[in-house]
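Trainee: I would like to learn how to read a structural model feature by feature, with the criterion behind each term stated before it is applied. Could we go through one together?

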Amino acid sequence: MTDKEVAQGPQHKRDLTRRKVLVAGAGAVAAVGVGGTFAAGAFADEEQQGTGADTCYRLTSETTEGPYYIDADKLRQDITEDREGIPLTLRIKVIDSETCKPVRNAAVDVWHCDALGIYSGYESLSTGGGGGTPPTAAPSGTPTAAPTGAPTDAPSGTPTGEPPSGAPTGGPGGGGGGGGHEEPTDDKRYLRGTWRTDKAGFVTFTTIFPGWYRGRCVHIHTKVHVGGTWTDAGYEGGHTCHTGQFFFAEEAVLAAAEVAPYSTSTTERTKLTEDTIYDQSGAQGGLLTLKYDKKNIARGVRASITVGVDPDSTHEGTQA
């Protein structure tokens, strides 16, 4: 991977993004009622927090979206599906960095690789380790139809080939850095999801601790969309005001690496201090606050962060 990463993804319209719910499969139940009707109480269980005075945060660092973003993620909080790994609860607060007020009703996307470095939707382009083999059948809750233009045949076995042509040498297609957007190669969508912030700016996801792959430290991707409308079809319109990544302290990664299936990985790991995307600025750069039992991280990890955004700006993450 080069020191300067460039994303060459397709240009998106400045003032339009679209989150569309894939209603097929069990994963849509939380947001879609009988007959596909949008459930009025779909977000009723989101924990509410007090809206007392917040410390005003500077803008959270913007990054490229990487090659593995899919603009059709499921509307859900639990994105785990059948992926094995250390349970992770990710709690994000989105605030206006100028006024310090919570950003309500924003659509927040998160996506990341599994414990062996595999991205759903891109299994044939991902590089895992330790002999892990991605499932050849779609997990329960996965959409039964492939995205428009995507092949319907799923790859078999963990790919061992080189990154796609033109990709940085540090990782598979840039794997979350640069390298340009790649079209999905399969119809799986594990470890991907979209949910909306509550009245206090909070949104929570249930997932697993991510693994790693060549050229990148452990991370989670995110996008924040504002100005749109929640409809029966999901989130319509608006624009992307933040594209970033969340990072994990080295101590936690080392502890996780001792737990299966992470411990079976033979892929060389890039340390947080070596990563070319993380800007070493702590929470402002996306570094998560982590809570876990240091004697037994396998019990689970709670991660939290406050993301400061400029709701009036557009940051698609497709430019360097």
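Mentor: Two conventions come before anything else. This is a predicted model, in which local features need pLDDT of at least 70 and side-chain atom pairs count only at pLDDT 80 or more, while totals for chains, interfaces and linings use all residues. Residues are numbered from 1 along each chain as its sequence is written, and side-chain values use heavy atoms, with hydrogens and water left out.

Trainee: How many helices and strands are there in the protein chain, and in which order do they run?

Mentor: Helices (H or I, at least four residues) and strands (E, at least two) are DSSP runs, numbered from the N terminus. The protein chain has one helix and nine strands, and from the N terminus on the order is β-β-β-β-β-β-β-α-β-β. If contact is taken as heavy atoms within 4.5 Å, residues 24 or more positions apart account for 83% of the contacts in the protein chain with a separation of 6 or more.

Trainee: What share of the 320 residues in the protein chain is buried?

Mentor: Buried means under 20% relative accessible area, exposed over 50%, and partly exposed in between, with a 1.4 Å probe and protein chains only. Buried residues make up 56% of the 320 residues in the protein chain.

Trainee: Is R192 buried or exposed, and what does its side chain reach?

Mentor: R192 counts as buried because its relative accessible area is 1%. A polar contact is a pair of N or O atoms within 3.5 Å, where within protein one must be able to donate a hydrogen and the other to accept it, and residues adjacent in sequence count only if both atoms are side-chain atoms. The side chain of R192 reaches the backbone oxygen of Y68 at 2.8 Å.

Trainee: How are aromatic pairs described, and how many are there?

Mentor: A pair of aromatic rings is described by the distance of the centres and the angle of the planes. Rings of Phe, Tyr and Trp (its six-membered ring) pair if their centres lie within 6.5 Å, and planes under 30 degrees apart count as stacked, over 60 as edge-to-face and the rest as tilted. The count by this rule is eight aromatic pairs. Y68 and Y119 form a tilted pair, because their ring centres are 4.8 Å apart and their planes stand at 55 degrees. This pair links distant parts of the chain, with Y68 in the loop between β1 (18–20) and β2 (87–96) and Y119, 51 residues apart from it, in the loop between β3 and β4. Y68 and Y119 belong to one aromatic cluster with Y122 and Y213.

Trainee: Which ring does the charged end of R83 sit over?

Mentor: A charge sits over a ring if NZ of Lys or CZ of Arg is within 6 Å of the ring centre and within 35 degrees of the ring normal. The charged end of R83 sits over the ring of Y190, 3.8 Å from its centre, and that of K223 sits over the ring of Y69, 4.9 Å from its centre.

Trainee: Which residues have the most contacts inside the largest nonpolar core?

Mentor: A nonpolar core is a set of buried Ala, Val, Leu, Ile, Met, Phe, Trp, Tyr and Cys residues joined through side-chain atoms within 4.5 Å. The largest has 46 residues, and L90, I92, F205, F209 and F248 have the most contacts inside it. Strand β9 (301–309) gives the most to this core, with five residues. A second, separate core of nine residues includes I70, Y119, L125 and Y213.

Trainee: Which peptide bond is cis?

Mentor: The bond from A260 to P261 is cis, with omega near 5 degrees, and P261 is found in the loop between α1 and β8. Phi also deserves a look: C100, a residue other than glycine, has a positive phi near 70 degrees and is placed in the loop between β2 and β3.
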